[in-house]
Amino acid sequence: MQPNWAWLILATPLALACRQEQPDPAAASNTAGPPIVESRAAPPMSDSDLERLTTLGYVDSASEPADESRNGAIVHDRAKTSPGPTLATSHTPCRAVLIDLDGRTLNSWNGAADCPNWVNGRLYRDGSLLVTEGKGGLALFQWNGDRSWRRSIGAHHAADRAFDNQLVALLQERRKVSPLPRDDAPGEPMTIVDNSIALLDGEGLVVESASIYDLLRATPGIVLDTTHLPDFLHSNSVEWMRRPALAEKNPIYALRNVLLSVRKQNLLLIVDWDRKKIVWFWGQGVLDNQHDASVLDGGNILLFDNGLRRGWSRILEIDPLSREIVWEYGAAPAERFHSRGRGSVQRLPNGNTLISVSDDGYAIEVSPTRQIVWEFRNPNLVSKPDGKHRTPIWLRRYPQHWLEQLGRPASR
């Protein structure tokens, strides 16, 4: 079967010239740096259009009506796909479905009747499912669908396990802060929506947190774009470092460090948790409202670069040590691959890359040479009355042996 998204190709060659040199904050003194100031760079689209797009809530269905004849796994190259069950989490209804590569349901979880939405789901080898809900909720479910606990702690977008059965999550709250230095700014405190990285215990209770605003204010060399006050610190992914071999290679991978994506600042950060200090940052001038950053086994960082301003998306793999883009996936024409919000990306064990294009309601798996070997539109996430698919906003594939350990068949 020929992929119906065969137009997707590499947008630019490897080792792109598009790169950004930035000071290394790890080499800076321990004193606070110069004040963060407002970026004056003009966006390609009008400010009114950009403001409208950035303040829109996440849509919960694909942009086009669903073609019911093209549901499920419509492309599946069995010789080239990476095996294992795939978890698809939907926004509304609050639902997560574990499927095999033919689209058959292996298990499913549903939120309570009053659940506002689900934003992110993580499955673990014991069969438990950690989900981030709208309106600040974080919940843990068991394999059989029972909810173990739910916490209303201001959580949003992302949470994951950290170490010693603890969790790491993004939280948000309104706070008043000193005004950023501007010639035309009044000397009055301003109210912002601050985001924070939080370490939680195994029951979802906050143990310790660090303000992203405070981290940025203490870091020399970062220019803060305040266009979208009060929510200008909007972040969307957080990951605890977990690879001892990488920690020995370079201190930015230390096992007490955290990788963070700050969407509205076009920034990736690595934070030394113990010192509450940013030790690496990258992205301003290159990224455009990105999502879902993760560290790969070799040390590179993979992310979904949404392209809200420029009008097209791409998948990037960067080397954080050289600050170079070493692999990119896009489209020709570029505008045919675009998810203004959300989107997920995962590097699979065989080197393939799993991509969820949330706004268009489909997922693909591509080989290292960018061949589409799996494409999926999920009928299990229900269609709306207008015929549009409810979008799978978050996808993750897991090892086949996890199902076997749970006493479940693992079909390919």
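Good morning, and thank you for joining me. Two strands are said to pair if DSSP finds at least two bridges between them. Strands here are DSSP runs of E with at least two residues, numbered from the N terminus. Within this pair, Ala73 has Phe376 of E24 as its bridge partner.

A word on the source: this is a predicted model, in which local features need pLDDT of at least 70 and side-chain atom pairs count only at pLDDT 80 or more, whereas totals for chains, interfaces and linings use all residues. Residues are numbered from 1 along each chain as its sequence is written, and side-chain values use heavy atoms, with hydrogens and water left out.

How enclosed is strand E2 by the rest of the structure? Strand E2 (residues 72-76) is largely enclosed, because 4 of its 5 residues are buried. Buried means under 20% relative accessible area, exposed means over 50%, and partly exposed lies in between, with a 1.4 Å probe and protein chains only.

Let me turn to the sheets.

Another open sheet consists of 4 antiparallel strands, in the order E17-E18-E19-E20. Strand E17 (291-295) and strand E20 (324-329) stand at its edges with a single partner strand each, so one side of each is left without a neighbour in the sheet. The twist from one strand to the next averages 20°. Strand E18 (residues 301-305) pairs with strand E19 (residues 314-319) in the antiparallel sense over 5 bridges, and Leu302 stands opposite Glu317 in E19.

Next, the cysteines. How many disulfides does a search of the whole structure find? The search finds 1 disulfide, a term that here requires a pair of cysteine sulfur atoms within 2.5 Å. Cys94 and Cys115 form this link, with their sulfur atoms 2.0 Å apart. The link of Cys94 and Cys115 is left-handed, at -90° about the S-S bond. It connects distant parts of the chain, 21 residues apart: Cys94 is in the loop between strand E3 (86-90) and strand E4 (95-99), and Cys115 is in the loop between strand E5 (105-110) and strand E6 (118-123). Cys94 counts as buried at 8% relative accessibility, and Cys115 is buried as well, at 15%.

Finally, which residues lie nearest the centre of the largest pocket? They are Arg122, Arg242, Arg243, Gln346 and Tyr398, among the 28 residues of its lining. A pocket is an open set of points on a 1 Å grid over the protein atoms alone, where a 1.4 Å probe fits, with protein on both sides within 12 Å along at least five of seven lines; lining residues have an atom within 4 Å of a point. E21 gives the most to this lining, with 3 residues.

Thank you for your attention.

Methods: Axes are lines fitted to C-alpha atoms, for helices over the stretch in contact, and angles run from 0 to 180 degrees between N-to-C directions.
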